[in-house]
Amino acid sequence: MKPAAPVTTTCTPVAYAALRYCVGDLAMNVPFFDMRAETAALRGELDRAIARVLDSGTFIGGEEVTGFEAELARHCSTTHAIGTSSGTDALLVLGMALGLAPGDEVVTTPLTFFATAGSFARLGATIVFADVRDDDLTLDADAALAACTARTRAIVPVHLFGHPAAIPRATCPVIEDSAQAIAASQLGGIAGALSFFPTKNLGALGDAGAVITDDDELADRVRLLRTHGARPKYHHVALGGNFRLDAMQAAVLRAKLTHLAAWTARRRAHAHAYRALFRAARVPAELRLPAEHPGHIYHQFVIRAPRRDALRAHLAASGIGTEVYYPELLAGSTGLAGRCGALPVATRVVREVLALPIYPAMPDVHRTLVVEAVERFYAS
Ligand SMILES: *Cc1c(COP(=O)(O)O)cnc(C)c1O
């Protein structure tokens, strides 16, 4: 038998670039986020939670869901917590419960994830964008109130990056998008929407979310709409949808909820250390750190940086992962029939925001590596 010919590969510039990208990603010394670190530390607990569901034979509703809802309500200090299929569906079902319809207006921030506005636009509501505050990047309550008209049916502040947003004193309901801010603040509006997307501060092993509220009537309406408006079963009294939380996700979330306070403390410790390191570093005065707030839970640690894109490329070349939340304002989204006045602050900050690595299991030394790399960028 003839020996196999040696394998030769031709490395075209395109293939080489792709390879470098791939290897570079794997070799990130400081990844933006490490999901496996969080899951590995909890492996035994998660295995037991999942086994409990497998053994129960109940995969929709049941004790895991009601148990989680009770524990979540206690954690958030609200009367009701109602599990949903996602954070998006929590917002959607809240909009349905308020009876939003074409012609209604919803006032919100342009600097957020699409679901904040998209969920209400799906119901036919017109989205009205008001500007954000320069200091903490959340919806400016005065601008939001100024954008209200006789058709305004809801105002939706977002506790962006985990920083509590001001609750406007409005005559219409205020729905809080708390997807990034579980228990970051006391519920000040009529209801809040939580997301348990895997990378959120409390993350499921898939999609999940919840509505929190102290309003008994609204909670009842959300529960009704969550299961196709059926009451009793197969007797449909309202047009709802399937917005339920799975028993498996509920069991996983119950296990993880017991760690949330410790994880929040870790995030705050990282943020505190970042601040100290940046204060001691030689970086331009225009580089701004996130606003401080005792309720901040640092879902993200977002700086505002001169020459943001060049800085981001420099950090990537140094093996440091970063993200841009959000690269575009929603006010410019096709598919979202919105209305807005001038958005001078949002238009400026959207070019400056850069999220640095922050997650509970992040090794402490990563903070130093990040700040040193930022310092090198501005020294060069
Ligand atoms: C994640 C997120 C949502 C949507 O949550 P999903 O669970 O992904 O549907 C809504 N609003 C904001 C601000 C978010 O960050």
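Into which domains is the protein chain divided? The chain comprises domain 1 (13-30 + 259-322 + 357-379) and domain 2 (44-257), with bounds that come from an automatic or database domain assignment. The model is a predicted one, in which local features need pLDDT of at least 70 and side-chain atom pairs count only at pLDDT 80 or more, while totals for chains, interfaces and linings use all residues. Residues are numbered from 1 along each chain as its sequence is written, and side-chain values use heavy atoms, with hydrogens and water left out.

The centres of domain 1 and domain 2, taken over C-alpha atoms, are separated by 29 Å. Across the boundary, 16 residues of domain 1 are in contact with 21 residues of domain 2, contact meaning heavy atoms within 4.5 Å.

The secondary structure is described next. Helices (H or I, at least four residues) and strands (E, at least two) are DSSP runs, numbered from the N terminus, and two strands pair if DSSP finds at least two bridges between them. Gly192 stands opposite Ile212 in β7.

Another open sheet has 4 strands in the order β4-β2-β3-β9, and here the pairing is parallel. The edge strands are β4 (152-156) and β9 (338-340), each of which pairs on one side only. The twist in this sheet averages 25° from one strand to the next. Strand β3 (residues 126-129) runs parallel to β9 and is joined to it by 3 bridges; Phe129 stands opposite Cys340 in β9.

On a 1 Å grid over the protein atoms alone, a cavity is a set of points where a 1.4 Å probe fits but cannot get out, and a pocket is an open set with protein on both sides within 12 Å along at least five of seven lines; lining residues have an atom within 4 Å of a point. Grid points are joined across faces, edges and corners, and a volume is the space filled by probe spheres set on the points.

The largest pocket has a volume of about 550 Å³. It is lined by 27 residues, and Phe113, Gln180, Phe197, Thr199 and Lys200 are the closest to its centre. Helices α5 (87-97) and α6 (115-121) and strand β6 each supply at least two residues of this lining, and the largest share, 3 residues, comes from α5. By class, the lining has 13 nonpolar, 10 polar and 4 charged residues; Ala, Val, Leu, Ile, Met, Phe, Trp, Tyr, Cys and Pro count as nonpolar, Asp, Glu, Lys and Arg as charged, and the others, Gly among them, as polar. Domain 1 and domain 2 each give at least three residues to the lining of the largest pocket.

There are 3 cavities of 30 Å³ or more. The largest cavity holds about 130 Å³ of space. Because both domain 1 and domain 2 give residues to its lining, the largest cavity lies between them. Of its 14 lining residues, Asp136, Leu137, Pro290, Ala291 and Val302 lie nearest the centre, and the lining divides into 7 nonpolar, 3 polar and 4 charged residues. Leu137 lies in the loop between β3 and α7 (141-146) and has a positive phi, near 70°.

The second largest cavity holds about 60 Å³. Its lining includes Cys76, Glu176 and Ile212, and divides into 6 nonpolar, 2 polar and 1 charged residues.

Most residues other than glycine have a negative phi, and most peptide bonds are trans. A cis peptide bond joins Arg231 and Pro232, with omega about -10°; Pro232 is in the loop between α8 and α9 (247-257). The peptide bond from Tyr325 to Tyr326 is also cis, with omega near 0°, and Tyr326 is in the loop between α11 (308-317) and β9.

Conventions
Axes are lines fitted to C-alpha atoms, for helices over the stretch in contact, and angles run from 0 to 180 degrees between N-to-C directions.
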